[in-house]
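Reader: Please take me through this model one question at a time, and begin with the terms needed to follow it.

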Amino acid sequence: MLKVLLIDDDVELCQMMAEYLGAEDFKMEIAHDGEEGARLALAGSFDIVVLDVMMPRLNGFDTLRLIRASSQLPVIMLTAKGDEIDRIVGLELGADDYLSKPFNPRELVARLHAIQRRVAVRDETRKQPTDEVLRVGKIAIYPAERVIEWRGTPLEITTSEYSLLEVLARNAGRVVSKADLFLQGLGRPETAYDRSIDVHISNLRQKLGTLDDGRSPIQTVRGTGYQFIPT
Amino acid sequence: MGRLFWKIFIGLSLTFLIVSAVIGGMVYLHEHSAKADEGFMHDKRADFLVGVTANALEYGGEDGAKALFKQWPERRGATVLVVDADGNDLIGRAVPQGSLAEAVDALVEGDQAASVRKVRTPVGNDYILFSPMTADVPPHLRKGPPPPPIFPVLLLQAFGALFTSFLFSAGFAVYLSRPIRYLRQTSRRLAEGHLDARVTPLLAKRNDEMAELGQDFDFMATRLQTLLNAQRQLLHDVSHELRSPVARMRLAVGLAQQQPEKLEAALSRIERETERLDELLGQILTLSRLQTDMSQEVKETISLNELIEDILQDVNFEAQAVGSKVIFKSNAEASVEGHYELLHRALENVIRNAVKYSPEGESVEVSLDKNEHNLITIQVHDHGPGIPETELEAVFEPFYRVSRQHKTEITGHGLGLAIAKRAIEKHRGNVNLSNAPQGGLIVKISLHK
């Protein structure tokens, strides 16, 4: 059963979400402000955090910063509809996904399941440790630990970033379309005006740095997708 | 360089050229006419007249000459001066010294002999005879120094003047047109949405009407920026406020689909949210109406006593449910000219707030006073928690909520006081908040009759 921490200042909305998600077999816990939410997220054994951006005092972004300072726990942000800046800021700060509010609760469930599958894969690979190491160019991927080493040092990356980089690395040298990245990396289909992949890739590029010739190891193929350079 | 530059430049240059041409011409003419009393006549007529006078003098002596002058009709250009060794005229006429000197020169040099003569009278006195030049004599008859050559000195001067006037015109045109160009650039940037564009830094060195215009422009820009930012903030807040009830409605729909047995609860939840939305929209519309010009709308005489009684009927009905009560004390009949709906909303918001924040069973006191200066004071005193002193002003901002621990049963959008304040200000009154010493909030509304 997936343990979800919901951080939102709207008390009534929280109660209804708890009721809805509870019926979908999620184990819910609720926090009404950012400080309490971050404390619970870091202390408790949650699988996923659903975090509202607009909150008094500590807002969603600051809460996310607090969480990301010491944890790579998957986080879904609830952003304002039509506020693209909010989405991008959230993703840049390390959110795994976002959903604009007001949202269809079924959509939230779908996003939660997508992350649940990733977590399940992780647990699965942890249970049966293999010595499999995928080496492509300067990176080494340890699927068992979900760790990626770049030039010999492990990268600090979120689950979404890990999944995307793994997909790209397994297809090194080939162009991977955005639609495939959404499905294989984020576990959900692409939606309209969705910039998630671009922002995650941009985060990855920052963390990876450049190749010896100054290029980024992840190249954009205009209109098609992205490509990992296996050198 | 814009068109204005060229207009000022060409206009000024032309003015300079015309003015300098006129002044130069006048100076030239003046210089030459000033020489009019220098020189002497040397045409045939002068030769003849001088000859006649010389004969009279030579043979008739001074008396002969004087006799001749008596018959001589004095006419223009026909004067013959008879000057003795002391420089005085025989019959006491004025002698232009310049003309005399030239006549003497002519005698010494020996030319013009016919028009200047030296005569010795029978008694042995020497006289010099000549016809002096006068101002109205045409130049071709004059004997004088030749006019100064036009080339090349005058041409050089003209070029110098032309160059200086161009230089000065260009400088002046730049001086005038540059601030206008800056203003134009800045207003364009402003129009493109760069609300922080200001012109004063570009005109920093000036201290004239242009600089003042720039300051006024910047004042306008600052005002626009504040207004637009306030509007943006309001829109942002409104959309956020609208989002919450809609999010709850979508969840209620989701719950009803997920668990059909909870349909009843979901429906009543949706109904409640719809009412909230409706109320919120009403408040937002009132607020936006208050921000527009209302001078065109009809005013009427409103009895404040009746208005408050009206509101209390509604409010008391709801207050009874929680055991509260609103008490109204009035020591005067007061009425104002104004908009009924706005005043109603303002007072209703304030009184409802008071009831909402009062503990159950406590009463709210509303009082109405009028002093001898026709100043009407309405006080609403509740027994709730009050508002922190630092937030007493901020609560008038739309969507502001006091930062106390959230009490789920208190709902609202933070628009009530914002509307009340603006509505009262439209009636040239004001709203004041203070915390009562014995606890609770006092809202004081002042209005003029």
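Author: Helices (H or I, at least four residues) and strands (E, at least two residues) are DSSP runs, numbered from the N terminus. The model is predicted, so that local features need pLDDT of at least 70 and side-chain atom pairs count only at pLDDT 80 or more, while totals for chains, interfaces and linings use all residues. Residues are numbered from 1 along each chain as its sequence is written, and chains are lettered from A and ligands numbered from 1 in the order in which they are written.

Reader: Where is Asn374(B) found, and is Asn374(B) buried or exposed?

Author: Asn374(B) lies in the loop of chain B that runs between β7 (363–370) and β8 (375–381). Its phi is near 65°, a positive value in a residue other than glycine. A residue is buried if 20 or more other C-beta atoms, placed from the backbone, lie within 10 Å of its own, exposed if 12 or fewer do, and partly exposed in between. With 11 other C-beta atoms within 10 Å, Asn374(B) is therefore exposed.

Reader: Which value does phi of Arg151(A) take?

Author: Arg151(A) belongs to the loop between β8 (147–150) and β9 (153–154) of chain A. Because 11 other C-beta atoms lie within 10 Å, Arg151(A) is exposed. Although Arg151(A) is a residue other than glycine, its phi is positive, near 50°.

Reader: Which strands stand at the edges of the five-strand open sheet of chain B?

Author: Two strands pair if DSSP finds at least two bridges between them, and here five strands of chain B form an open sheet of mixed pairing, in the order β5-β7-β8-β10-β9. Two of these strands have a single partner strand each, so one side of each is left without a neighbour in the sheet, and these edge strands are β5 (325–330) and β9 (430–435) of chain B.

Reader: Which residue stands opposite Glu365(B) in β8(B)?

Author: The strands β7(B) and β8(B) run antiparallel and are joined by six bridges. Across this pair, the residue opposite Glu365(B) is His381(B).

Reader: Which strands are at the edges of the three-strand open sheet in chain B?

Author: This antiparallel sheet of chain B has the order β1-β3-β2. Each edge strand has a single partner, so one of its sides lacks a neighbour in the sheet, and the two strands placed in this way are β1 (81–83) and β2 of chain B.

Reader: Which residue in the hairpin of β2(B) and β3(B) takes a positive phi near 95°?

Author: Strand β2 (residues 117–120) and strand β3 (residues 126–130) of chain B run antiparallel and are joined by four bridges. Arg117(B) has Leu129(B) as its bridge partner in β3(B), and Arg120(B) stands opposite Asp126(B). Five residues lie between the two strands of this hairpin, and the positive phi near 95° belongs to Gly124(B).

Reader: How many residues are in the second, separate core?

Author: In the largest core, and leaving aside its neighbours within four places in sequence, Val75(A) is in contact with Val49(A), Leu51(A), Leu64(A), Ile67(A), Ala95(A) and Asp96(A). The second core is separate and includes Leu347(B), Val350(B), Ala354(B) and Val380(B), its number of residues being 36.

Reader: How many residues does the contact take from chain A?

Author: Both chains contribute to the contact, which takes 16 residues from chain B. From chain A, the number of residues is 19.

Note on methods
Contact = placed C-beta atoms within 7 Å. Core = buried A, V, L, I, M, F, W, Y, C linked by C-beta atoms within 7 Å.
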